[in-house]
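Biologist: Put the model up, please. I have a few quick things to ask.

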Amino acid sequence: MRAVLIVPNLSPETVARGLVEVAPPAPSVVAVLVPLEEAGACLVVFRDLDGQPLELDLDQVAAHMSFGGHDVGVAHGLGSEEGRRWLCFRQGRVHRSLDPRDELYLPVDEDGFPDLERAPVRLADGPPSGWGRFRTCHDVGMKETFSCRFGPVEQVMATLQAGQDVGARAFALVNDHRRLHPPLPLAWGGDGRPR
């Protein structure tokens, strides 16, 4: 199941310095940081020096990054994947865990438009028949953690995947199995790929 790490939108150098400490002992690890200005957050993607995706335990990374007074989120299972959940970390621990039972529903008309005048109901509380999902657990988690829905994250991920410029900055965290102190800014494109 795919997961996404979202940290506060601090300076890229500050975020990269924090990420060095949890980088795995791999041949190379690069953190690609994509600012999400409207959310006051930053998407973090991990690659090797050739630009290939790396799989990391993002819960462990988020727990580490949440020390120092900043909440950090991890979205597991994107879209409508079974098992999807949102974890918010604070001071190294899971502060809030959300799953499909926490998703919000509203009545919808025949065209699928929600009635925003009504109060949303959590799935766990049993919305009436004919109500549709209005907010995913990722939306609810992002709203609580960063005051923005998950849509901007999905949009920037799709744009990044399409190879378009999203204003990404890249930092080498590990090179030749050694953590770099300080992390090394790389001449990668705004699309999160090596030049």
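**Salt bridges and a helix**

Modeller: Start with Arg 101: exposed, at a relative accessible area of 52%. Here buried means under 20% relative accessible area, exposed over 50%, and partly exposed in between (1.4 Å probe, protein chains only). Keep in mind that this is a predicted model: local features need pLDDT of at least 70, side-chain atom pairs count only at pLDDT 80 or more, and totals for chains, interfaces and linings use all residues. Residues are numbered from 1 along each chain as its sequence is written, and side-chain values use heavy atoms, with hydrogens and water left out.

Biologist: Which residue forms a salt bridge with Arg 101?

Modeller: Asp 99, with the closest N and O atoms 2.3 Å apart. A salt bridge here is a side-chain nitrogen of Lys or Arg within 4 Å of a carboxyl oxygen of Asp or Glu.

Biologist: Is Asp 99 buried or exposed?

Modeller: Buried, at 18% relative accessibility.

Biologist: And which residues do shared partners join into one network?

Modeller: Arg 84, Glu 103 and Arg 133, through salt bridges that share partners.

Biologist: How many salt bridges by this rule?

Modeller: Nine. One of them pairs Arg 85 with Asp 59, where the closest N and O atoms are 3.9 Å apart. Arg 85 sits in strand S5 and Asp 59 in helix H2, so this pair ties together parts 26 residues apart in sequence. Helices (H or I, at least four residues) and strands (E, at least two) are DSSP runs, numbered from the N terminus.

Biologist: What about Arg 96? Which partner there?

Modeller: Glu 144, with the closest N and O atoms 2.8 Å apart. Arg 96 is in strand S6 (residues 93–98) and Glu 144 in helix H3 (residues 137–146), so the bridge links parts 48 residues apart in sequence. Arg 96 is partly exposed at 34% relative accessibility. Glu 144 is partly exposed too, at 45%.

Biologist: Back to H2. How many of its eight residues are buried?

Modeller: Six, so helix H2 (residues 58–65) is mostly covered. The buried ones are Leu 58, Asp 59, Val 61, Ala 62, Ala 63 and Met 65.

Biologist: What do they pack against?

Modeller: Strand S1 (3–8), helix H1 (12–20), strand S3 (41–47), strand S4 (72–76) and strand S5 (85–90). Contact means heavy atoms within 4.5 Å.

Biologist: Which residue caps the N-terminal end of H2?

Modeller: Asp 57. One of its side-chain oxygens lies 3.1 Å from the backbone nitrogen of Asp 59.

Notes: A polar contact is a pair of N or O atoms within 3.5 Å; within protein, one must be able to donate a hydrogen and the other to accept it, and residues adjacent in sequence count only if both atoms are side-chain atoms.
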